[in-house]
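Work through the exercises below with the structure in view. Each task is followed by a worked solution.

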Amino acid sequence: MRIKLVGFSLLVVSWGLVICWGQAQIPVTSPNEYERARQLHLSMSAPARVATVTSRTEQLFLMYDRDGDGLLSFDEMPDSLRAERFKWDTNGDGFIDLAEWRMYMNALPAVEYRLPSPPVIRIQTPAPEFNVRELTKQITATPQPPSPSPPSRSASRPPFNDNASRKPQASASRLYPKNIPPWFKEYDTDGDGQVGLYEWLAKKDERQEFHKYDLNGDGYITVEELIRSGQYLTNTAPPQTIHGLGSEVGDFYYFHLTGSTRGTVWGTKVYTGDSSLAATAVHAGVLKVGETGFVKVNILAGQDRYEGTEQNGVSSQPFDMYPKSFSIEAIK
């Protein structure tokens, strides 16, 4: 009888162990466990949060997002993004979210950003619910950076001339001169009169070349910076007069002139279209005799009367109505 009771007790205990063991194999995630796991995930350091995603783009975003709020503030942005933040901040809130970050990254060569050399630990987290036990499973892997492709340059842009003499600071302008170098207009795809870094990289041109033109480091190349860097190269020599340019009122040109007293000038401040550009530049005080530099020529409507004066060693003649005129000014 005693043996039977002992055997029955062992049977009961065995069944109890089997039931307990089976329950232990079923992962259970209570609401409290989920909340604790979520808080644990949010409290992780940047490298730990990076470990929870597999996308390299998202990994980089979380590394820069030091406060973990899901947005990149100005201080958290990399330097190249700061220069272009107004382009990529599509909702205008002053921050870069993950969707905006993805668009920005898609415009950059992958070789520009590499993950740190230490191994990245990835944690698989099912969404929207995940088990606390699964959160603790870590898989170590060392990501391999993509093979960089050789940089290329658009065939339309001539190589940067490091030996060119740089010109003085020019006044700000957002309009194209009529004789803008063709490659500059090709690169300026949004037509705002300047070439942004995002437009440069879209042409698959080299980043280090861009910084040679971008003299103030604001992420844009203006026409004036093109002149100051000595790279304003056109296919035509400066004309003697504005006749034959095919210009209209409101057009303007940048010409590389040498001041001279040779040639006839009609007018003062506003000159007839057949006045000598080189002599006009001296009369207007833009260039000295024998001085070479860039000048801005503005195409104006014809005047009813042109006054003659003597200025800077050049005498201009008076004239009555003439159908086309221009003014000339220095580029400072």
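The model is predicted: local features need pLDDT of at least 70, side-chain atom pairs count only at pLDDT 80 or more, and totals for chains, interfaces and linings use all residues. Residues are numbered from 1 along each chain as its sequence is written, and side-chain values use heavy atoms, with hydrogens and water left out.

**Exercise 1.** Find the buried residues of helix α7 and decide how they are placed around its axis.

Solution. Helices here are DSSP runs of H or I with at least four residues, numbered from the N terminus. Helix α7 spans residues 98-106, and its buried residues are E100, W101, Y104 and M105. They lie on the same side of α7 because they cover an arc of only 135° around the axis, taken from the directions from the helix axis to the C-beta atoms. Then look for the cover, counting contact as heavy atoms within 4.5 Å: it includes α4 (56-64), α5 (79-83) and α6 (85-88).

**Exercise 2.** Identify the residues with which I221 is in contact, leaving aside its neighbours within four places in sequence.

Solution. The partners of I221 are F184, Q194, V195, W200, F210, Y213 and D214.

Notes. Buried means under 20% relative accessible area, exposed over 50%, partly exposed in between (1.4 Å probe, protein chains only). Helices (H or I, at least four residues) and strands (E, at least two) are DSSP runs, numbered from the N terminus.
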